[in-house]
Amino acid sequence: MSDPTATRPLPRWLSYEQTNGPLPERTDVLVIGGGIAGTALAFYLARGGVDVALVERGELNREASGTNAGSFHIQLAIHQLPAAGSPTADTERLLEEARLNLAAYEVWNALDEELDVPLGVHLTGGWMVAETEEQLQVLHDKRVLERQAGIETEVVTGAELRRRAPFLAPDLAGASYCPQEGHANPLIAAPAYALRAHEHGATIRTHVAVQAIERRPGGGFRVTTSAGEIDAQRIVNCAGAWAGDQARLAGLRLPVRREGLHVNVTERRARLLDPMVQHIGRRLTLKQSSDDTFIIGGGWPTPAAPPPRRYPTTWESAAGNTAVALRVIPALADVRVVRTWSGVIVFTDDLSPVVGGSTLVPGYHACVASTGFTLSPLLARRLADQLLDPTGTPPFPPAYDPDRRMTAGRTTP
Ligand SMILES: Cc1cc2nc3c(=O)[nH]c(=O)nc-3n(C[C@H](O)[C@H](O)[C@H](O)COP(=O)(O)OP(=O)(O)OC[C@H]3O[C@@H](n4cnc5c(N)ncnc54)[C@H](O)[C@@H]3O)c2cc1C
């Protein structure tokens, strides 16, 4: 990774003219969605010489990929744990996801150079705190799995924790530290991928919404969009929180649901902490950004709103989220929240990503993940490898199968 403190200029992003030309009549791969998953996939495919077109119904990076908190979730986090809370209840899935998180870290670690764009990658390490002895036990249990997967987590308590993380409340039961965690700038990553995809020959079209998908008898698809029709041999659904709606157009049901999330930003304060801070039992992710504001999120809800309105933030989530932050970092007591924002996230019903090709609808693929800022560069790269060389590339684990909801219920499209 390049020196994160060095200032390098950002490139000129794709212009209106570059993203608003006519839709091609046909393409090999049609990517639906211009967030980080879709733009990353378009880049890796175009770089591999594939004829690829990406369509985005709005502007690039305006949904989850441009409204997230930018954290790299490498330790197993609260939303990945089974409902019972203990990692030991779901060892196999969690071990697989820990391996995936580590592989995602490795992609991010080199991405700045791969795209030749300063992505604001800061590998600061991350603390995950426990307030109770039960939560501390969860940290110990998940550490065993993380170590098995190659993640260098350690659990720290007492005087050692107070010495290494003096900003944390002194009466916490303990915390786990992962040196591989950090963050990047979510406003840069997807535009950078889109720019490099375009330079490798991908067609990127904004303000083009997919409205209908028809399977052609000889294979491939005829896709109706708000800008006309396009024939595609293969489709990849990268529509994030709208992936379920998109899949239904092709006769598939994905195990996904849509939720609004709330994020708070505070005024600037003297540098207090570099690492990210999370909670194993309550909804909190917190970091001090490079401009010294605190970004506080972690999964507090916002109500849904019908398009074109954006989901509203709420006082309840602002108060609940900041109360947890204060409990963990008492020095925030007099720091004011100056701004809130919302974003719409996709959650998968069984907590695993939805990625790979459908066997029920041959040629149809999906690339969807809940911690998709962390995982999408990796998942998109692996999916692109599969699309480039379907027989020579190992498939994704069956747990990630886009068909799993339908095959489990033995229904047909
Ligand atoms: C508030 C918040 C905080 C988060 N924090 C983190 C974090 O710190 N770390 C982390 O790893 N993850 C985080 N996430 C999750 C992460 O942002 C997402 O998993 C990731 O951005 C998903 O990327 P995507 O490209 O799949 O989806 P999106 O970025 O949502 O892109 C999907 C695109 O599909 C387009 N689309 C939908 N329907 C159509 C259609 N019919 N035709 C054409 N285009 C269509 C949409 O307009 C959209 O632009 C957070 C999410 C939120 C909301």
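A polar side-chain atom of glutamate 56 lies 2.6 Å from an oxygen atom of the ligand. This is a predicted model, where local features need pLDDT of at least 70, side-chain atom pairs count only at pLDDT 80 or more, and totals for chains, interfaces and linings use all residues. Residues are numbered from 1 along each chain as its sequence is written, and side-chain values use heavy atoms, with hydrogens and water left out.

**The ligand**

| Residue and atom | Ligand atom | Distance |
|---|---|---|
| Alanine 37, backbone N or O | oxygen | 3.0 Å |
| Glutamate 56, polar side-chain atom | oxygen | 2.6 Å |
| Glutamine 246, side-chain N or O | nitrogen | 2.8 Å |

On its own, the ligand has 1,000 Å² of accessible area (Shrake-Rupley method, 1.4 Å probe), and the protein covers 96% of that. The elements giving two or more residues to the shell include α2 (36-47), β2 (52-56) and α10. In total, 37 residues surround the ligand, each with a heavy atom within 4 Å of it. Glu56, Ser65, Gln246, Gly372 and Thr374 are the closest. The shell divides into 18 nonpolar, 16 polar and 3 charged residues.

**Two helices**

Helices here are DSSP runs (H or I, at least four residues); strands are E runs of at least two. How do the axes of α4 and α10 cross? Helix α4 (residues 91-115) and helix α10 (residues 372-388) have axes, lines fitted to C-alpha atoms over the stretch in contact, that come within 8 Å and cross at roughly 85°. The two are therefore roughly perpendicular, a label for angles of 65 to 115 degrees.

Methods: Axes fitted to C-alpha atoms, helices over the stretch in contact; angles between N-to-C directions. Parallel < 35°, antiparallel > 145°, perpendicular 65-115°, else oblique. Polar contact = N/O pair within 3.5 Å; in protein donor to acceptor, adjacent residues only side chain to side chain. Nonpolar A, V, L, I, M, F, W, Y, C, P; charged D, E, K, R; others polar.
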